[in-house]
Amino acid sequence: MVAFLIALLLSLFASLIQQLIPQIDAIDKVIAVIFAVSAIAKLAYLETKRRFTLRPSDIGLFAISIIFIIYCFIPNAFHQPSNTMFLQIYSMFSILKFVIVFWSGLFLFRNTKFQSTTRFFRIMSTTLTTIFLIIGVLNVPLHFLEPFDIRFGIETVSFGFRHPAQFAATIIVMTIIHIFIGWSEQGKMPYYILFANFILVFLAGRTTSIGFYLCLLLIILIFPYIKRIPIYVYALIGGVFYWLGSDRISNQFLGTDGEARGVLLDTSFTIANDHAPFGAGLGMFGSHASRLNYSPLYEQYGISRVWGLTQENPNFVTDSYWAMIIGELGYLGMFFVFILIGYIFWLLYKEVAGSQYQIKLLIFLPLIYALLTSPIDTVLVSNTSVFLVLATIYMVALNNEYRTKKQ
């Protein structure tokens with residue numbers, strides 16, 4: 001339990017720590033490796049004791065991941081020039097990181113007793129919200145935080161995180177856990193956290209995050225009065241989400257010369273067609289590896305002069321998860337990723353089967369958020385992905401504990 005909480009806190013503050021101490025930039029990857037090694041060691045130990053605890057569904061995810069790893073290195077064999085082997089492995093590991101943490105974390109901690117930690121989490125969550133809220137409100141007139149952009153007529157900020165999107169994702173996931181604990185233990189909603197954290201997400205200025213949070217608020221406000229959310233509520237929420245993000249969706253998916261994400265997505269399809277069915281190869285497009293060793297594809301496909309995609313300023317190279325997947329691994333790789341994500345959702349559904357409807361929805365929300373933002377963000381490969389997955393595992397274990405006590 002202590003090891004898990006340390007990992008959860010480290011993943012929560014990973015981006016902030018990296019900004020303060022740039023030399024420490026691999027917390028998420030270290031957690032993934034430690035979890036994977038620990039899970040394999042535990043499995044080997046239990047096998048020697050003839051205690052076969054690995055479920056067939058877990059074996060399925062492991063087998064699909066192995067096949068995917070083998071496939072990942074095929075595209076590079078068909079594409080020259082290819083990136084270095086180290087950066088190929090780096091890019092592959094970044095893609096699979098959330099799968100590794102989910103599989104190993106669920107195996108290690110699904111039956112761990114965490115209820116004694118919920119009071120600590122509520123205090124920590126409330127304290128962080130209050131501190132960030134005070135800083136954010138004071139920054140509006142004083143401007144002491146480094147601005148990231150201008151949205152809605154105000155300076156958007158990241159509150160010390162690497163990017164406002166990572167801060168917004170962290171706040172959203174913390175809100176979901178806080179709601180989950182309050183609803184499970186007391187049947188109450190933490191309204192201060194709900195509305196204070198909305199202000200923080202608004203100050204981060206990510207349109208998609210704001211839209212998701214507003215939809216979350218609509219759902220939460222009707223939680224105590226329903227057994228199941230009616231279809232028309234989903235339609236209403238979808239309308240709100242689209243209304244808030246329609247301009248951004250148009251820019252991202254249709255692409256313009258001045259919109260890096262749109263250009264990346266548009267170019268990724270061209271690359272996938274040119275290198276069908278495998279793509280350009282690991283570390284060649286849309287990934288951090290293609291930024292560390294600037295890929296010649298950006299020049300080849302005429303996008304090296306787009307703001308944020310230049311060799312001198314490649315800050316926006318990693319701005320779209322699916323552009324990276326499609327460009328580097330092609331349509332077949334995209335199909336593999338769909339299978340992995342779908343399988344994880346299925347495993348999670350099996351874990352929460354029989355639980356209260358509201359509880360199921362809350363446990364799924366972090367992954368739903370990551371999936372919704374994946375076309376215009378890289379949460380699934382950033383250090384935030386580990387916190388997102390650990391938060392899901394934490395709620396699964398708590399839910400198992402609550403259900404056991406009720407029975």
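This is a predicted model: local features need pLDDT of at least 70, side-chain atom pairs count only at pLDDT 80 or more; totals for chains, interfaces and linings use all residues.
I started with the largest pocket, which has a volume of about 1000 Å³. On a 1 Å grid over the protein atoms alone, a pocket is an open set of points with protein on both sides within 12 Å along at least five of seven lines, and lining residues have an atom within 4 Å of a point. Of its 40 lining residues, R162, H163, Q166, R291 and T318 are the closest to the centre. Two or more lining residues each come from α2, α3, α6, α8 and α13; I take helices as DSSP runs of H or I, at least four residues, numbered from the N terminus.

Residues are numbered from 1 along each chain, and side-chain values use heavy atoms, without hydrogens and water.

Next, cavities, meaning sets of points where a 1.4 Å probe fits but cannot get out. I get four of 30 Å³ or more. The largest cavity holds about 140 Å³, and R206, T208, R261, I376 and D377 are the closest to its centre among 13 lining residues. Helix α10 gives the largest share of that lining, three residues.

Then I checked α12 (residues 260–274). Its 15 residues should span 21 Å at 1.5 Å a residue, and the end C-alpha atoms are 21 Å apart, so the two agree; the expected span is 1.5 Å times one less than the number of residues.

Last, L142 in α7 (residues 118–142): its relative accessibility is 57%, so L142 counts as exposed, the cut-off being over 50%.

Key. Buried means under 20% relative accessible area, exposed over 50%, partly exposed in between (1.4 Å probe, protein chains only). Grid points are joined across faces, edges and corners, and a volume is the space filled by probe spheres set on the points.
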